[in-house]
Amino acid sequence: MSISSAIPLTTELDLPAYLFGIAMLLVVMLIHGIALVQIAKRYEVKSFLYLAEHRYSAVAFVFYLSVLCLFLMHIFEIILWGVSLWLFKLLPNLGESILFSGSTYTAMGFMDDLLPNGWKMLAVIIAFSGMFAFAWTASVMISMTKNFRQAYTRRHMEKLKLPAEVIERFK
């Protein structure tokens, strides 16, 4: 009996990894989308109000606070992947599971592939979830910079002592 015939086809094709990975990817992207919309919505409303009130430093503060929330959202998703790997006993301890998830999610790959045979493809799926999440986050951050840039420019126009009607025309 050869080694290849002793390994079940499902293990050889990593089918459990695909099923588990796709389910987790959907959960992570759902959580990511909900959190992203909440962060962006709150930023847009607050920054719009602060711009109207000429509170330009408050716009900057809300921008940086929103960026921190985006960062924490990614950390939460890494922890979610790590906890799931640990709960399904794919990795031996929680700390190592979270570190492996972070290494894979960020596509930095600074850790060896620790997953057991039949689960190797899961690392690729975790990496895809990170790439999707980072791309989505980047697009939201780009839209957030509009109000931030406007507040920054208006503040410097005030420092230059430009007339209020000139500053107000800048949108």
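Student: Fine. How many helices and strands does the protein chain have?

Tutor: This is a predicted model. The protein chain has seven helices and zero strands.

Student: What is its radius of gyration, next to that of a compact globule?

Tutor: The protein chain has 23 Å, whereas a compact globule of 171 residues would have a radius of gyration near 16 Å. Its C-alpha atoms fill a box of roughly 85 × 25 × 20 Å along the principal axes.

Student: And how much of the protein chain is buried?

Tutor: Of the 171 residues, 36% count as buried.

Student: Which residues have the most contacts inside the largest nonpolar core?

Tutor: Those are W81, L85, L115 and L122, in a core of 20 residues. At least two residues each come from α3, α4, α5 and α6. The largest share, six residues, is supplied by α3.

Student: What does L122 touch?

Tutor: Leaving out residues up to four places away in sequence, L122 touches A17, F20, G21, W81, L85, L90 and L115. There is also a second, separate core of 19 residues, with L51, L70, M73 and F148 among them.

Student: New topic. At what angle do α5 and α6 pack?

Tutor: At about 60°, with their axes 7 Å apart. The two helices are therefore oblique to each other.

Student: Which residues of α5 make the contact?

Tutor: F100, S101, T104 and Y105 do, and the α6 side includes I126, M131 and F134. By class, the contact of α5 with α6 has eight nonpolar, four polar and no charged residues.

Key
Residues numbered from 1 in each chain as written. Predicted model: local features only at pLDDT ≥ 70, side-chain atom pairs only at ≥ 80, totals over all residues. Heavy atoms only, no water. Core = buried A, V, L, I, M, F, W, Y, C linked by side-chain atoms within 4.5 Å. Buried < 20%, exposed > 50% of the residue type's maximum accessible area, 1.4 Å probe, protein only. Helix = DSSP H or I, 4+ residues; strand = E, 2+ residues; numbered from the N terminus. Contact = heavy atoms within 4.5 Å. Axes fitted to C-alpha atoms, helices over the stretch in contact; angles between N-to-C directions. Parallel < 35°, antiparallel > 145°, perpendicular 65-115°, else oblique. Nonpolar A, V, L, I, M, F, W, Y, C, P; charged D, E, K, R; others polar. Rg over C-alpha atoms; globule rule 2.2 N^0.38 Å.
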